[in-house]
Amino acid sequence: MPNPATSPAQPLAGVRIVEISSFVAAPLAGMTLAQLGAEVIRVDPVGGAADYRRWPLTDDGESIYWTGLNKGKRSVTADLRAPAGQLLVTRLITGGGPSGGILLTNTAGRDWLDYETLTATRPDLIQLEILGRADGSAAVDYTVNAATGFPLVTGPADHEGPINHVLPAWDLLCGVYAALAITAAVRHRDATGQGSRITLPLEDVALATVGNLGFLAEAALCGRQRPRLGNAIYGQYGQHFTSADGVSFMVVALTPRHFRDLTELTGSTGAVDALAIALAADFTDEGTRYRHRDVLTGLFTPWFRDRPAEEIGTALAKTSVLWERYRSFDELATDPRVTANPLFTLLRQPEIGEYLAPGSPISVNGEHIPPRPAPRLGEHTESVLQDRLGLSPESIAALHMSSIVANEPSKRTAR
């Protein structure tokens, strides 16, 4: 692999970030920054933060979740309630010369991590704090999502009551926004010498997205409530179909060419033409295809229902139609789009095992940066204290004796 300092895929090489976080958004931001070349030091309380044993777990009880979102980081553990532990972490945040002085956190309300407190020592500090809501009150992806409107338009058309989606979309978007904001703040500091205080409320990420996608303007300007559509696509033609052998496909026709190919493939051209005349409908218009989606689906369904999945896939692949078969996680794990994808490489993760893991999805000049294992909890405590804070072995030993830092046992023996 190229030297990260000269790799265009790792432009943040030489930047040091301290992450004090848990759960999804902040750890994802830290991992994204590490994939871009930054040295990310995750600081946890002794014994681990609230997400340390979060599901999914291996059969031995190790958190696949924790290792998945902390790949490529360094890990330090300290007693974050003790003044001596807080002082160590503060020194780690505010030190490091031009490359340091960056804090990523979602642990609001700790006075010793307050921006004014830290900038008294490091005026050019970059601090990004992920909040639940802009007023500082607590919220998580699942509670934020409840207020966005999406659960009330998700699911079958005849369903009553909310349906939550499984993907933690707001956490994921927030994590990427956080990584982008820190990268921009580093560029600003390099240019001006000035730090930045950045707050990123999870709820605002969701609200901005709902607004950017037009859901709020549609309600405000048109007075319309977006309906439940099942697996249809609002304003376009898209629907799932099931083959003779029980395999489901998602089929999407965004353009007139897509729709024409779909009608030809399913032998429905004549019927669709007759329907257009009967309804005085122009099916080259995407809105018209959407409004008459149910009757169109009725025309297309027999072709899918009467054929096995392999024949359907082969036929669809010869058209311009957008499609994919539904796959379970089990199927995807062994699919060539994972097993033959340079995004994935074999990773030996201590206490988890060996498996195909993704690196950064960003490919620069054809280069994917491969994944690095997540650290064991506290694995780098001594080396960071020695290398980054200049503490002597005797000083580190004294911190151990006073339980300010700890050599964490393996997760397996810790239970």
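In these legends, Ala, Val, Leu, Ile, Met, Phe, Trp, Tyr, Cys and Pro count as nonpolar, Asp, Glu, Lys and Arg count as charged, and the others, Gly among them, count as polar. The structure shown in every view is a predicted model.

**View 1. The largest pocket and its mostly nonpolar lining, in which 27 residues are nonpolar, six are polar and three are charged.**
This pocket holds about 1,300 Å³ of space, and 36 residues line it, with G68, L69, K71, F329 and P358 lying nearest its centre. At least two lining residues come from each of α1, α2 (64-69), α6, α14 (329-333) and β11 (353-358). Of these elements, α2 gives the most to the lining, with five residues.

**View 2. The second largest pocket, which holds about 430 Å³ of space.**
Its lining is made up of 22 residues, and those that lie nearest the centre of the pocket are F23, N106, G132, A139 and V140. The elements giving two or more residues to this lining are α1, β5 and α5 (141-146). When the lining residues are sorted by class, 12 are nonpolar, six are polar and four are charged.

**View 3. The largest nonpolar core, a set of 33 residues in which I17, L33, L128 and I182 touch the most other members.**
When residues up to four places away in sequence are left out, I17 touches L33, A38, E39, V40, I41, I102, L104 and I182. Another core, of 26 residues, lies apart from this one, and L80, L88, V89 and I396 are among its members.

**View 4. The largest cavity, with a volume of about 90 Å³.**
The count of cavities of 30 Å³ or more comes to four. The largest of them is lined by 13 residues, and Q35, K71, P370, P371 and R372 are the ones that lie nearest its centre. K71 also belongs to the residues that lie nearest the centre of the largest pocket. Three of the residues lining this cavity come from α1, which gives the most to the lining. By class, the lining divides into six nonpolar, five polar and two charged residues.

**View 5. The second largest cavity, with a volume of about 50 Å³.**
The residues that line this cavity are V76, A78, L88, V89, L92, L385, L389 and V405. Sorted by class, the lining has eight nonpolar residues, with no polar and no charged ones. Both β3 (74-78) and α3 (83-94) supply at least two residues of the lining, and α3 gives the most, with three.

**View 6. The peptide bond between W55 and P56, which is cis.**
The omega angle of the bond joining W55 and P56 is about 5°. P56 itself is found in the loop that runs between β2 (39-45) and α2.

**View 7. Two residues other than glycine with positive phi, A280 and S403.**
A280 has a phi near 55° and sits in the loop between α10 (269-279) and α11 (286-291). With a relative accessibility of 71%, A280 counts as exposed, because exposed means over 50%. S403 has a phi of about 65° and lies in the loop between α17 (393-401) and α18 (411-414). S403 counts as partly exposed, since its relative accessibility is 47%.

**View 8. Cysteines C174 and C222, in a structure that holds zero disulfides.**
A disulfide is a covalent bond between the sulfur atoms of two cysteines. Are these two residues buried or exposed? C174 has a relative accessibility of 0% and therefore counts as buried, whereas C222, with a relative accessible area of 43%, is partly exposed.

Conventions: Residues are numbered from 1 along each chain as its sequence is written. This is a predicted model: local features need pLDDT of at least 70, side-chain atom pairs count only at pLDDT 80 or more; totals for chains, interfaces and linings use all residues. Side-chain values use heavy atoms; hydrogens and water are left out. A nonpolar core is a set of buried Ala, Val, Leu, Ile, Met, Phe, Trp, Tyr and Cys residues joined through side-chain atoms within 4.5 Å. Buried means under 20% relative accessible area, exposed over 50%, partly exposed in between (1.4 Å probe, protein chains only). Contact means heavy atoms within 4.5 Å. On a 1 Å grid over the protein atoms alone, a cavity is a set of points where a 1.4 Å probe fits but cannot get out, and a pocket is an open set with protein on both sides within 12 Å along at least five of seven lines; lining residues have an atom within 4 Å of a point. Grid points are joined across faces, edges and corners, and a volume is the space filled by probe spheres set on the points. Helices (H or I, at least four residues) and strands (E, at least two) are DSSP runs, numbered from the N terminus. A disulfide is a pair of cysteine sulfur atoms within 2.5 Å.
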